[in-house]
Amino acid sequence: MPSADLRPLALRFARLGRVEAILRTMAIARKEVRQLRRDRLTFGMIVGLPVLQLLLFGYAINQDVRHLRAGVADLSGTQRARILVQDAQATQVVEIVKHARSAAELEALLREGAISVGLLVPPDFERRVESGARAPAQLLVDGSDPIVLAASRGIIELPVRPRSPAARASSPTFEVRAYYNPERRSQVQIVPGLMGVILTMTMVLFTAVAIVRERERGNLELLINTPVRTPELMVGKILPYMAIGMVQVTLILLVGRWLFDVPIRGSLVDVYVAGLVFVTTSLTLGLFISTLAATQVQAFQITFFTFLPQILLSGFMFPFDGMPRAAQWIAEVFPLTHFVRITRGILLRAATLSEVRAEVWPLLAFLAVAMAASIARFRKRLD
């Protein structure tokens, strides 16, 4: 048969092959759609993750900081001093939440993390105003957070007019004293918070896939015939990772100190105790995720879904005081929010563990709830 006669037949077979390839491709696509329809968790991620990011970035994240927690120590007691404090609060940059009787008490509130800004009005406030030789009041700022330091500039230039027309008004009104980070280096603020971020990412992920991996590999079949109880299995799973978490804490402290010159002003014992509590809490969260996920891929997805709001709302990247109240309430549930405050308090402000105990109790409560939920949901069986 001449080659010219074979050409139409070859073209016909080529078209048929392309059609079959398209049909096979569409069959795989239909199978994948059915699989996604059955996998409700993945479908929820497809819808939930974009909505979550839009809500976080559009509503909760706010660089225009307002309502910084502030304390006042008015040692003057004059009417003009009270007007200055009222004017400072009227700017909405600060919100007076504490009153101190001395400068030392105001500094203690800063060290404990109860306030971010302190307004100190000295006893000779009136004389300073009339003389105009120096700033009549002082602004004590937690310099471990550069955003707080930048936001507080909105009240530095508040006017205080002298009674005598011949006297010149002092400028600025407040003398700024940046505590804990006088050089205003960003590494000092970032590294302590980064410790919690790294531990959250690694510890939760390690244990999130632990039970799922055992299930996928068939190792749970062996556990069915053993006397191991669910609490014993859960605790046994997290014990090795607790040691790994402590190694990571040590590594972060060493690198932060040697490479970035991050100060360690508090007790290392307090750091390790708080770190152990946080590591255990994060591991317990990972265990709970492992009881929700059917595959390791789902465990990765849920871990990322929980990690994103924690890092954005914890105060590590964005100022906590600048968030809406609803976002702050949600952030208070997350372990990372409290651990960031603990590490910055101990490492930078030389706070003791007893002074930051208000941040330790939420970690312990979260640990207890997450462990109880993990034990309740776990079933030592293949189905």
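Helices (H or I, at least four residues) and strands (E, at least two) are DSSP runs, numbered from the N terminus. The model is predicted, so local features need pLDDT of at least 70 and side-chain atom pairs count only at pLDDT 80 or more, while totals for chains, interfaces and linings use all residues. Residues are numbered from 1 along each chain as its sequence is written, and side-chain values use heavy atoms, with hydrogens and water left out.

**View 1. Five strands make up an open sheet.**
The order is S2-S1-S3-S4-S5, with mixed pairing; two strands pair if DSSP finds at least two bridges between them. Strand S2 (94–99) and strand S5 (174–179) each have a single partner strand, so one side of each has no neighbour in the sheet. On average, neighbouring strands are turned by 30 degrees against each other, direction ignored; the axes are lines fitted to C-alpha atoms, and angles run from 0 to 180 degrees between N-to-C directions.

**View 2. Strand S4 lies between S3 and S5 in the sheet.**
S3 (residues 117–121) and S4 (residues 137–142) run antiparallel and are joined by four bridges. Val117 stands opposite Val141, and Leu119 has Leu139 as its bridge partner. With S5, S4 pairs in the parallel sense over six bridges, and Asp142 faces Tyr179 there.

**View 3. The residues of S4 are buried.**
Buried means under 20% relative accessible area, exposed over 50%, and partly exposed in between (1.4 Å probe, protein chains only). Six of the six residues of S4 are buried, so the strand is largely enclosed by the rest of the structure. In a regular strand the side chains alternate between the two faces of the sheet. In S4, Ala137, Leu139 and Val141 point one way, and Gln138, Leu140 and Asp142 the other way.

**View 4. Helix H8 is followed by Gly218.**
In H8 (residues 210–217), the buried residues are Ala210, Ile211, Val212 and Glu214. Gly218 has a positive phi, near 85 degrees.

**View 5. Phe260 belongs to a nonpolar surface patch.**
Leu251, Leu254, Val255, Trp258, Leu259 and Phe260 make this patch of about 650 Å². Patch residues have over 30% relative accessible area and no salt bridge, and nonpolar side chains (Val, Leu, Ile, Met, Phe, Trp, Tyr) are joined within 5 Å, like charges within 9 Å. A salt bridge is a side-chain nitrogen of Lys or Arg within 4 Å of a carboxyl oxygen of Asp or Glu. Accessible areas come from the Shrake-Rupley method with a 1.4 Å probe; for residues, only the protein chains shown count as cover. Phe260 is in helix H10 (residues 230–260) and counts as partly exposed, at 35% relative accessibility.
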